[in-house]
Amino acid sequence: MHSFHHILRAGFFAAILTLAAPVAQAANVLVDFGSPVQGAINGQFWNGTTDPVAGSIPNAVNSDTNIGTGITISITGRFNAANTNGTTTSTVFPTDATRDSFYGNAGDPFGTPAIVVPTSTVEFTNLDLTQTYNFTFYASRTGVGDNRDTRYTLTGAAPSSFVELAVANNVNNTAVLSGIVPDALGKITLVVSPGTANTGIPLPATPTTPNNPNRFFYLGALQLTSVPEPSTVALLLGALPFLARRRRC
């Protein structure tokens with residue numbers, strides 16, 4: 001019987017280690033939208049895409065380990081185009097990431113050919129169902145005196161949540177959404193659109209921030225990090241007393 005208990009304990013401990021393995025693989029993914037290259041900047045790996053219409057980053061690389069995470073990042077609802085009019089003086093992210101961005105325009109047509117892009121969509125797939133994800137968004141459009149507020153809306157297993165960022169002449173501000181749980185398929189969807197004040201409707205004379213009729217919105221860079229989902233941690237911690245009791249057999 002004593003041998004049986006040792007075998008049972010060993011098997012159970014192995015099962016706990018199996019559960020714990022994916023939890024240990026935390027993600028830290030940095031993404032530059034509009035960047036001409038992918039690679040290390042200041043010792044951290046940056047993923048990038050230059051295609052504002054249908055760009056995709058398969059097996060996004062972990063910034064800390066330079067190892068693929070298995071996460072795929074895909075533009076499934078196009079932006080209008082890319083620009084390089086962002087700041088070069090930010091201390092949040094490297095210049096290569098802050099000076100460029102993808103943009104859309106929910107108001108008047110813009111570009112060649114002139115089009116309207118009401119919203120843009122980015123999907124994050126093959127996410128770990130045992131983890132929750134935190135998103136930090138960044139964008140900058142310098143040299144403007146009008147409203148470029150941008151809304152970032154995330155949808156996973158729970159109802160959507162959003163955060164907004166004042167992009168016009170931004171240098172160091174970011175927008176953060178935390179604790180987002182992937183849906184049952186391991187997917188989180190990001191929708192980028194104009195912010196609440198970015199209506200395109202002219203404001204009264206001498207407004208603090210006049211509106212832009214094109215209603216431009218932007219996505220320049222983001223950081224995606226993951227942490228163990230609370231229920232998974234509880235499961236692992238709950239197993240420890242059982243292991244301790246079996247060890248005394």
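Modeller: Let me begin with a term: buried means under 20% relative accessible area and exposed over 50%, with partly exposed in between, using a 1.4 Å probe and protein chains only. The model is a predicted one, where local features need pLDDT of at least 70 and side-chain atom pairs count only at pLDDT 80 or more, while totals for chains, interfaces and linings use all residues. Residues are numbered from 1 along each chain as its sequence is written, and side-chain values use heavy atoms, with hydrogens and water left out.

Colleague: Fine. Is N28 buried or exposed?

Modeller: N28 has a relative accessible area of 10%, so this residue counts as buried. N28 belongs to strand 1 (residues 28–33), where strands (E, at least two residues) and helices (H or I, at least four) are DSSP runs numbered from the N terminus.

Colleague: And what does the side chain of N28 pair with?

Modeller: The side chains of N28 and Q223 are joined by a polar contact of 2.7 Å; such a contact is a pair of N or O atoms within 3.5 Å, and within protein one must be able to donate a hydrogen and the other to accept it, with residues adjacent in sequence counting only if both atoms are side-chain atoms. Leaving aside residues up to four places away in sequence, N28 touches Q44, V61, N62, S63, D64, Q223, L224 and T225, contact meaning heavy atoms within 4.5 Å.

Colleague: Changing topic, how many helices and strands are there?

Modeller: The chain has three helices and 15 strands, and 45% of its 249 residues count as buried. Among contacts with a separation of 6 or more, 69% are between residues 24 or more positions apart.

Colleague: Which residues touch the most other members of the largest nonpolar core?

Modeller: Those are F137 and Y152, in a core of 37 residues; a nonpolar core is a set of buried Ala, Val, Leu, Ile, Met, Phe, Trp, Tyr and Cys residues joined through side-chain atoms within 4.5 Å. Strand 14 (residues 216–219) supplies the largest share of this core, four residues. Apart from it there is another core of seven residues, including L30, F93, A97 and A221.

Colleague: How many aromatic pairs does a search of the whole structure find?

Modeller: The search finds twelve, where rings of Phe, Tyr and Trp (its six-membered ring) pair if their centres lie within 6.5 Å, and planes under 30 degrees apart count as stacked, over 60 as edge-to-face and the rest as tilted. One of them is the edge-to-face pair of Y103 and F216, at 5.9 Å centre to centre and 80° between the planes. Y103 lies in strand 7 (residues 101–105) and F216 in strand 14, so their pair ties together parts that are 113 residues apart in sequence. Both Y103 and F216 are buried.

Colleague: What about F137 and Y152?

Modeller: F137 and Y152 form a stacked pair, 4.5 Å centre to centre with 5° between the planes. F137 is in strand 9 (residues 131–138) and Y152 in strand 10 (residues 150–155), so this pair ties together parts that are 15 residues apart in sequence. F137 counts as buried because its relative accessibility is 0%.

Colleague: Last one: where is D108 found?

Modeller: D108 is in the loop between strand 7 and strand 8 (120–125), and at 39% relative accessibility D108 counts as partly exposed. The C-alpha atoms of D108 and P213 are separated by 5.9 Å, although these residues are 105 residues apart along the chain.
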